[in-house]
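Biologist: I have a model open and want to learn how to read it. Can you take me through it feature by feature?

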Amino acid sequence: MRLAVAIIGLLALGGCAAEAPLKEEPAFYLSMAHGGAKVDPGVAASMISGYRQNNGLGAVVVDPALMTLAESQSMAMASRNKLDHDVTAPLAKRLNASGYPATLAVENVSAGYHTLAEAFSGWRDSPPHRANMLKNGVTKLGIAASYAPNTKYKVFWTLILASSEAR
């Protein structure tokens, strides 16, 4: 009898658990390894700003023009299956061609990371990429990830940090 009551109780609890709403996965863990995936720029700005603030630097905000430039760079790398800052042109040339009034700009590119958390960790653990994320004076960012299923890396990332204020 006790066994039957215990089983019924467990089944009742199991039924309650099934009704609980599933929690949504944090945006920095969402996979970019599928068509149509887009990085949440607000989450990226928050993550990078927190890292910068922990290192005594100012926050960065999302800049639509830098978002467009980052997207173009990621798409160019993905379409050519090539991880390269200069796949179409050096950063300074791309900024000038777009009319972006950068007074300071740095860029991180990478490939193979499927989530923002992975890309951020890779950049943080690489001295040159870390230095870019901690560049004094940058105030804005653009970030993008492009998926190319028939390539070696699958996901190509670009992060542009810049300032347009007079130095």
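Modeller: Gladly. This is a predicted model.

Biologist: How do I read a helix pair? Take H2 and H5.

Modeller: Look at the axes, then the angle, then the residues. Helix H2 covers residues 41–54 and helix H5 covers residues 116–124. They pack at an angle of about 30°, and their axes are 11 Å apart. Angles under 35 degrees count as roughly parallel, so H2 and H5 are roughly parallel to each other.

Biologist: Is the crossing of H2 and H5 left-handed or right-handed?

Modeller: The crossing of H2 and H5 is right-handed.

Biologist: Which residues in H2 and H5 meet?

Modeller: From H2 come Val43, Ala44, Met47, Ile48 and Tyr51. From H5 come Leu116, Phe120 and Arg124. By class, the contact of H2 with H5 has seven nonpolar residues, no polar ones and one charged.

Biologist: Now another pair, H3 and H4. At what angle do their axes cross?

Modeller: Roughly 130°. Helix H3 spans residues 64–80, helix H4 spans residues 91–98, and their axes come within 11 Å. That angle makes H3 and H4 oblique to each other. Their crossing is right-handed.

Biologist: Which residues of H3 and H4 make the contact?

Modeller: Leu66, Leu69 and Gln73 of H3 do, with Arg94, Leu95 and Ser98 of H4. The contact of H3 with H4 divides into three nonpolar, two polar and one charged residues.

Biologist: How should I think about a nonpolar core?

Modeller: Start with the general idea. In soluble globular proteins, nonpolar side chains tend to be buried together. Here the largest nonpolar core has 25 residues. Met133, Leu141, Ile143, Trp157, Leu159 and Leu161 touch the most other members. The elements that give two or more residues to this core are H2, strand S2 (104–111), H5, strand S3 (140–147) and strand S4 (155–163).

Biologist: Which element gives the most to this core?

Modeller: H2 does, with five residues. There is also a second, separate core of nine residues. Among its members are Leu69, Leu91, Leu95 and Ala144.

Biologist: How do I read the chain as a whole?

Modeller: Count the elements, then follow their order. The protein chain has six helices and four strands. Along the sequence, the pattern is α-α-β-α-α-β-α-α-β-β. Of the 167 residues, 39% are buried.

Biologist: How many of the contacts with a separation of 6 or more come from residues 24 or more positions apart?

Modeller: They account for 70% of those contacts in the protein chain. Alanine 148 and glycine 35 give a pair to look at. They are 113 residues apart in sequence and 8.2 Å apart in space, C-alpha to C-alpha. Another pair is aspartate 40 and alanine 144, 104 residues apart along the chain. Their C-alpha atoms are separated by 8.8 Å.

Biologist: Is alanine 148 buried or exposed?

Modeller: Alanine 148 is buried, at 11% relative accessible area. Its place is in the loop between S3 and S4. Beyond its neighbours within four places in sequence, alanine 148 is in contact with Ala78, Lys154 and Phe156.

Biologist: What is phi of asparagine 81?

Modeller: Near 55°, also a positive value in a residue other than glycine. Asparagine 81 sits in the loop between H3 and H4. With a relative accessible area of 37%, asparagine 81 is partly exposed.

Methods. Residues are numbered from 1 along each chain as its sequence is written. This is a predicted model: local features need pLDDT of at least 70, side-chain atom pairs count only at pLDDT 80 or more; totals for chains, interfaces and linings use all residues. Side-chain values use heavy atoms; hydrogens and water are left out. Axes are lines fitted to C-alpha atoms, for helices over the stretch in contact, and angles run from 0 to 180 degrees between N-to-C directions. Angles under 35 degrees count as roughly parallel, over 145 as roughly antiparallel, 65 to 115 as roughly perpendicular and the rest as oblique. A crossing is left-handed if the near helix is turned anticlockwise from the far one by less than a right angle, and right-handed if clockwise. Contact means heavy atoms within 4.5 Å. Ala, Val, Leu, Ile, Met, Phe, Trp, Tyr, Cys and Pro count as nonpolar, Asp, Glu, Lys and Arg as charged, and the others, Gly among them, as polar. A nonpolar core is a set of buried Ala, Val, Leu, Ile, Met, Phe, Trp, Tyr and Cys residues joined through side-chain atoms within 4.5 Å. Buried means under 20% relative accessible area, exposed over 50%, partly exposed in between (1.4 Å probe, protein chains only).
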